Amino acid sequence: MRFSAVIVAAGMGARAGPGEAKQWRPLAGRAVARWSAEALLAAGADELVVVIGPDQQDRAAAAFAGLGRLKLAIGGAARSDSVKAGLSALSGADDAIVLIHDAARPLLKVEHVRRLLDALLSAPAGILALPLADTLKRDDGAGRIVATPSRAGLWRAQTPQGFRLGPLKAAYAAWPSGEEPTDEAIVVERAGGEVALVPGDPCLAKLTYPEDFAMAEQLAGATRTMRVGQGLDAHRFGPGDSVWLCGVEIAHSHALVGHSDADAGLHAITDAILGAIGEGDIGDHFPPTDPKWRGAKSDQFLRHAAGLVAARGGRIVNVDVTLVCERPKIKPHRQAMRERLAEILGLDLAAVSVKATTMEGMGFTGREEGLLAQAVVMVDLPA
C-alpha cells in the first residue's frame with residue numbers, strides 16, 4: 001500500500017534534561033530522529049517530510065545525511081502547528097494515506113508500519129496502541145492516592161498514526177483555537193471520524209526523561225544488524241593520458257580501458273556495497289552491453305548503490321579500499337580520493353580509508369599491464 005509520512009521533530013524536549021533537543025541526540029551512533037526516518041523509508045514511503053524547528057536546519061542536515069528521499073519543513077510553536085506544516089508539504093491527493101510519527105519514538109520497525117497499513121485497508125484511520133497493564137492511581141496533587149480508576153478499555157496511544165490526507169486536514173481546520181490536541185487521533189475523533197486501534201509495541205516507547213535513553217540504548221542494539229561486503233575490480237591500461245581512481249583524475253602515461261570511465265576503485269566499492277545488501281553486482285545494475293553507460297562517470301554507480309542502502313533504512317558505516325599498481329603513485333592523491341568518497345557517500349572522512357600497494361613486479365599489475373582495486377564495506381541495516 002502506498003503512503004506518505006510526516007515525522008514531527010520540531011520540539012525542544014525540555015524534560016529530557018540538559019543538552020541539545022532529544023531528537024538530535026545520539027542513539028547507538030545515530031541521531032534519534034534518523035532512526036524513524038530510516039524505518040519509514042525502508043517501509044516504502046513515497047514522500048517523507050520531517051518537520052523541524054526554525055533554527056535546526058544544520059542539525060537536521062547532519063542527522064539525515066545520505067537519506068535523499070526526504071524533505072524538511074519548518075514547524076510552529078505547538079505540535080499541531082508542526083503537523084499542519086508537514087501535511088502542507090505533502091503532494092498527495094485527499095484519499096492518500098499519511099502516517100504521522102513522533103521523532104521521539106525512534107525504535108520504529110517496518111513491521112509496525114505494515115501492521116498499521118494493513119488496518120487501513122478496512123478502516124478510515126488507525127493508531128498503534130497498547131492496552132494498559134498497570135494499575136492506575138489518581139492523586140490529590142500532594143502525592144496521596146484518592147482513587148483507583150478502572151483500566152478496562154483504556155489504551156496507551158503510540159505513533160505512527162495513520163489517516164487519509166484530506167479528512168485529517170479538514171479535521172485540523174475544524175479544531176477549536178486555544179486548545180492543543182495531544183495527538184492526531186483526538187483531532188479526527190472530535191470531527192466525528194472513526195479511528196481503529198492497532199496492536200503496538202512496548203519498544204515504541206517515547207523518549208521523554210533522561211533515564212529513557214539508557215533503556216533505548218539497550219534496545220537499539222537488538223533492532224539492527226551489521227553486514228560486510230567485498231568488491232574486486234581490475235582494468236587494463238590502454239592509450240590515454242590520465243586515469244580515474246576513486247573519483248579523482250590522475251595524470252598518467254596511459255588510461256584505463258573500460259565501458260565506463262574504468263574507475264576500478266569506485267567499481268570495487270560499488271560491488272562491495274551491493275554485496276553487503278545481497279543485490280548482485282555492478283553488471284546487474286549497469287550492464288556493460290548497454291550503450292548508455294559507455295564512458296559514464298562511475299560516481300553515479302556508487303550513488304545508486306548507496307541509495308539502495310538508504311532505501312532499506314540502512315547506512316554505510318565505513319569504506320576501506322586498496323589500490324594495487326606500480327604506477328601511478330597513489331599516495332600524493334590519497335587524501336583527495338578520501339575526500340571525494342566521503343562526499344559521494346555522505347560519510348565522515350574518518351570512515352573512509354584509501355590504501356595502496358604494489359605486487360613488487362609480479363603479475364599483471366607488476367608488469368604494469370593494468371591495476372586492481374579491492375574494497376570492503378560495512379553496512380548497518382534494520383534487523
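1. Within helix 4 (residues 110–119), the side chains of arginine 115 and glutamate 111 form a salt bridge with an N to O distance of 3.2 Å. The two residues are 4 apart, about one turn of the helix. A salt bridge here is a side-chain nitrogen of Lys or Arg within 4 Å of a carboxyl oxygen of Asp or Glu. Helices (H or I, at least four residues) and strands (E, at least two) are DSSP runs, numbered from the N terminus.

2. The model is predicted: local features need pLDDT of at least 70, side-chain atom pairs count only at pLDDT 80 or more, and totals for chains, interfaces and linings use all residues. Residues are numbered from 1 along each chain as its sequence is written, and side-chain values use heavy atoms, with hydrogens and water left out.

3. Arginine 115 counts as partly exposed because its relative accessibility is 25%; glutamate 111, at 44%, is also partly exposed. The classes are buried (under 20% relative accessible area), exposed (over 50%) and partly exposed in between, with a 1.4 Å probe and protein chains only.

4. A further salt bridge joins arginine 144 to aspartate 140, with the closest N and O atoms 3.0 Å apart. Arginine 144 is exposed at 52% relative accessibility, while aspartate 140 is partly exposed at 36%.

5. Aspartate 380 and arginine 30 form a salt bridge at 2.6 Å, N to O. Aspartate 380 belongs to strand 18 (residues 370–382) and arginine 30 to strand 3 (residues 30–31), so the pair ties together parts 350 residues apart in sequence. Both residues are buried. The total by this rule is 18 salt bridges.

6. An open sheet of 7 strands has the order 5-4-1-6-10-7-11, with mixed pairing. Two strands pair if DSSP finds at least two bridges between them. Strand 5 (71–74) and strand 11 (196–199) are at the edges with a single partner strand each, so one side of each lacks a neighbour in the sheet. Strand 7 (residues 126–131) pairs with strand 10 (residues 155–164) in the antiparallel sense over 5 bridges; alanine 129 has alanine 157 in strand 10 as its bridge partner.

7. The axes of helix 3 (residues 79–88) and helix 5 come within 11 Å and cross at roughly 145°. Axes are lines fitted to C-alpha atoms, for helices over the stretch in contact, and angles run from 0 to 180 degrees between N-to-C directions. Contact means heavy atoms within 4.5 Å. Among the residues that meet are Val83 and Leu87 in helix 3 and Leu168 and Tyr172 in helix 5.
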